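The following paragraphs lead the reader through one protein chain, beginning with a single local feature and then widening the view. Please keep the sequence and the structure at hand while reading.

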Amino acid sequence: MCGRYAASRRPEDLAGIFEIEKWEPEETLEPDYNVAPTKEVYAVLDRPPKDADDPRPVRQLRTLKWGLVPSWSKTPEGGARMINARAETVHEKPSYRRAFASRRCILPADGYYEWVTGKQERELEAEGKKKRPRKQPYFVTPADGSVFAMAGLYEFWRDRTLPDDHPRAWWVTCSVITTEAETSALAVAPAEGPHSLAEIHPRMPLMLTPDRWDAWLDPSRTDPEDLRGLLAPPPPGLMRAYPVTTAVSNVRNNGPELLKELAAPEEGTLF
């Protein structure tokens with residue numbers, strides 16, 4: 001799954017990476033090293049600009065709320081639970097299939113966090129002893145330092161309790177597509193700890209390599225079977241993972257220190 005990630009790149013940098021044609025300076029977000037559900041996040045999408053005479057899709061950098069609210073929802077309350085969409089079923093689930101067909105995006109990240117229950121804690125659980133598991137967070141990121149381009153979906157939701165001209169009359173929300181975690185060896189693995197992403201968690205965000213960006217964002221591609229071919233996992237061996245401070249487990253903590261690599265898992269959380 002993807003429940004937390006880091007996104008520190010400036011819009012100017014993202015504009016160059018993704019060949020952005022349009023972005024609004026007033027939508028600039030501060031670097032976020034602990035992105036959590038319901039936060040505003042950057043999304044790259046191809047769509048005609050609002051009120052434009054030219055119907056040609058334009059590559060845009062937009063800010064969306066993480067947690068998809070389907071257009072048919074009566075309230076937005078379920079959005080916080082719809083942060084992930086499974087690649088295996090995204091084409092058929094009522095909440096995602098319309099967005100999958102025509103509203104796909106890329107959510108740029110530095111990488112994502114995932115938590116592993118420590119060996120000692122797992123042994124206590126196996127023995128039936130009640131103790132709250134102490135989990136070690138790992139940061140998963142491209143080994144070459146490139147952007148982690150997560151496949152995503154976005155949707156529009158109209159708040160019918162507000163007038164048309166109200167700034168919050170329309171919500172634009174998004175979800176991260178996840179896939180089975182890689183079982184192959186990490187490009188760089190920690191000395192102590194997991195040596196594959198599957199050893200950290202059975203799911204991971206679907207990373208799109210640059211050769212798939214244009215096809216994924218193209219709104220003219222609407223055939224679900226054609227689009228499912230874009231959901232194949234990236235080549236193995238592109239990622240690294242390393243332990244980071246347990247401070248990231250508190251969403252109130254936010255700063256570049258959360259990405260600092262630890263020499264070993266913190267005491268009590270040994271893999």
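Helix 1 is followed by E19, a residue whose phi is positive, near 55°. Helices here are DSSP runs of H or I with at least four residues, strands are runs of E with at least two, and both are numbered from the N terminus. The model is a predicted one, in which local features need pLDDT of at least 70 and side-chain atom pairs count only at pLDDT 80 or more, while totals for chains, interfaces and linings use all residues. Residues are numbered from 1 along each chain as its sequence is written, and side-chain values use heavy atoms, with hydrogens and water left out.

Helix 1 itself spans residues 11-18, and its buried residues are P11, L14, A15 and F18. These residues lie on the same side of helix 1, because they cover an arc of only 105° around the axis; the arc is that of the directions from the helix axis to the C-beta atoms. On the other side of the helix, E12 and G16 are exposed. A residue is called buried under 20% relative accessible area, exposed over 50%, and partly exposed in between, with a 1.4 Å probe and protein chains only. The cover over the buried residues of helix 1 includes strand 4 (40-47), strand 5 (58-66), strand 10 (148-158) and helix 4 (213-217).

V248 counts as buried, because its relative accessibility is 0%. Which residues is V248 in contact with, leaving aside its neighbours within four places in sequence? They are R4, N34, Y113, W115, P137 and L258, where contact means heavy atoms within 4.5 Å. P142 and V248 are 106 residues apart in sequence, and their C-alpha atoms are 19 Å apart in space.

The view may now be widened to the whole chain. Its secondary structure comprises five helices and 13 strands. Among contacts between residues at least 6 apart in sequence, 71% join residues at least 24 apart. Buried residues account for 49% of the 271 residues. The radius of gyration is 19 Å, which agrees with the value near 18 Å that a compact globule of 271 residues would have; this radius is taken over C-alpha atoms, and the globule rule is 2.2 Å times the number of residues to the power 0.38. Along the principal axes, the C-alpha atoms fill a box of roughly 65 × 40 × 35 Å.
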